[in-house]
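Please keep the sequence and the three-dimensional view at hand while reading.

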Amino acid sequence: MASEVNMMSLVEFTIGAAPPPRLDKALARDVPDEANLSRSRLGKLIADGAVAVDGVMVDNPRFRVSEGAEIAISVPESVESHIGPEAIPLDIVFEDDELVVINKPAGMVVHPAPGSPSGTLVNALIHHCGDSLSGVGGQKRPGIVHRIDKETSGLLVVAKTDRAHHGLAEQFEKHTVERHYMAACYGVPDQNDPRLRGIKGVSFEPGNILKVQTLLGRHKTDRQKQAVSFASGRHAVTRVRVVEPFGTPPAAALVDCWLETGRTHQIRVHLAHCGHALIGDPVYGGKRKLSPKALAAQGVEAAQQFSRQALHAATLGFVHPVTADVLRFEADLPSDMRELCANLRRSV
């Protein structure tokens, strides 16, 4: 049950049979679902002295709790976020009380930052969700569990509740979320290319699937960039399948990229490492141009004029963190990438 006490919600329940020995784990198992408290939130409430066991405050998460213990948790009401709501249109693919899946347009930043204090996805979601945001970490704000770059379009999932945030974050941490990106790149990755066989971290799997496995970390001289490393950084694995080659001989391709890990700029850095940088990528694409001998003039010009990295988060699949339903969503290529591909298909 829950009741209002001086801007607090008092959550009361009884520990069930055969509880885990630690208080934090026992609370996570037995706290009522309607309390909407994740394990991480419960841990903070214990540390803040907001948990009483049989009438006595306990701030040790390792406290041994017994079956039948009466628990009372004083949960502060979620406070308004410092991020303001903005009435920005959203392409909502799915929404329920726990989460929302968005098809983000290119050009939109996900979260406010010093260079982008407004006009972000979070501003738009705070306006859209209103009072349906029950609070993430004690604030009425959407829970961002993964991001896509400003100039990358496509799908991402955002939590509306603390328990959804925790459950989604755990899936991303365990790399169980399905994520496929469609990209247009220079050249055509092929297992018969001797150049690729000589690049460290690059291999091929059955079906002509390119696999890139490296460490990724901050670039040594440009802190805004990521760089491949084999000495330090975070483990990163990307797989790439050619969907459609363009040109005669093939000079560019539409590729399907899927992530085993999800590091900053991972696809962009890995494909550039292979010599197949994304068309339009201002950071990792270099000054490359397509050959007019292989492609029609419209294709060459379309690639040269493409104003962002040609990357779209096309597929997103995960287990709903509350209902346990398996969810999978797809978003078609946006108009600019469809037009780019149409021009690359033109005959010389």
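Leaving aside neighbours within four places in sequence, which residues is Tyr 181 in contact with? They are Ile 148, Thr 152, Val 255, Asp 256, Cys 257, Leu 259, Ile 267, Leu 311, His 312, Ala 313 and Ala 314, where contact means heavy atoms within 4.5 Å. The structure is a predicted model, in which local features need pLDDT of at least 70, side-chain atom pairs count only at pLDDT 80 or more, and totals for chains, interfaces and linings use all residues. Residues are numbered from 1 along each chain as its sequence is written, and side-chain values use heavy atoms, with hydrogens and water left out.

**Overall picture**

- The secondary structure comprises eight helices and 19 strands; these are DSSP runs numbered from the N terminus, with helices (H or I) of at least four residues and strands (E) of at least two.
- Along the principal axes, the C-alpha atoms fill a box of roughly 80 × 40 × 40 Å.
- Of the 348 residues in the protein, 47% are buried; buried means under 20% relative accessible area, exposed means over 50%, and partly exposed lies in between (1.4 Å probe, protein chains only).
- The accessible surface comes to about 17,000 Å², and 50% of it belongs to carbon and sulfur atoms; such areas come from the Shrake-Rupley method with a 1.4 Å probe, and for residues only the protein chains shown count as cover.
- Among contacts with a separation of 6 or more, 65% are between residues 24 or more positions apart.

**Nonpolar cores**

- The largest nonpolar core has 34 residues, of which Leu 121, Tyr 181 and Cys 257 touch the most other members; a nonpolar core is a set of buried Ala, Val, Leu, Ile, Met, Phe, Trp, Tyr and Cys residues joined through side-chain atoms within 4.5 Å.
- Two or more residues of this core come from each of strand S8 (99-104), helix H3 (121-129), strand S11 (153-159), strand S12 (178-186), strand S14 (209-218), strand S17 (252-259), helix H6 (266-273) and strand S18 (311-319).
- Helix H3 supplies the largest share of this core, five residues.
- A second, separate core holds 23 residues, among them Leu 290, Leu 333, Met 337 and Leu 344.

**Helix H3**

- Seven of the nine residues of H3 are buried, so the helix is largely enclosed by the rest of the structure.
- The buried residues in H3 are Leu 121, Val 122, Asn 123, Ala 124, Leu 125, Ile 126 and Cys 129.
- Their cover includes S7, S8, strand S10 (143-144) and S11.
- Gly 130 follows H3 and has a positive phi, near 55 degrees.

**Helix H7**

- In helix H7 (residues 297-305), Gly 299, Val 300, Ala 302 and Ala 303 are buried.
- These residues cover an arc of only 165 degrees around the axis, which puts them on the same side of H7; the arc is that of the directions from the helix axis to the C-beta atoms.
- The buried residues of H7 pack against helix H8 (335-345).
- The face turned away from the buried side of H7 carries the exposed residues Ala 297, Glu 301 and Gln 305.

**Ile 73 in strand S5**

- Ile 73 lies in strand S5 (residues 70-76) and is buried, with a relative accessible area of 0%.
- Not counting residues up to four places away in sequence, Ile 73 touches Ser 9, Leu 10, Val 11, Phe 13, Leu 27, Leu 42, Leu 45, Ala 50 and Val 51.
- Ile 73 and Phe 13 are 60 residues apart along the chain, and their C-alpha atoms are separated by 8.9 Å.

**Salt bridges**

- Side chains of opposite charge can pair when their charged atoms come close.
- The protein has 17 salt bridges, each being a side-chain nitrogen of Lys or Arg within 4 Å of a carboxyl oxygen of Asp or Glu.
- Glu 95 and Lys 160 meet through their side chains in a salt bridge (3.0 Å, N to O).
- Glu 95 lies in strand S7 (residues 92-95) and Lys 160 in the loop between S11 and H4, so the pair ties together parts that are 65 residues apart in sequence.
- Lys 160 is buried at 4% relative accessibility, whereas Glu 95 is partly exposed at 32%.
- Asp 24 forms a salt bridge with Arg 22, the closest N and O atoms being 2.7 Å apart.
- Asp 24 is buried, with a relative accessible area of 18%, while Arg 22 is partly exposed at 26%.
- Arg 39, Glu 170 and Lys 174 are linked in a network of salt bridges.
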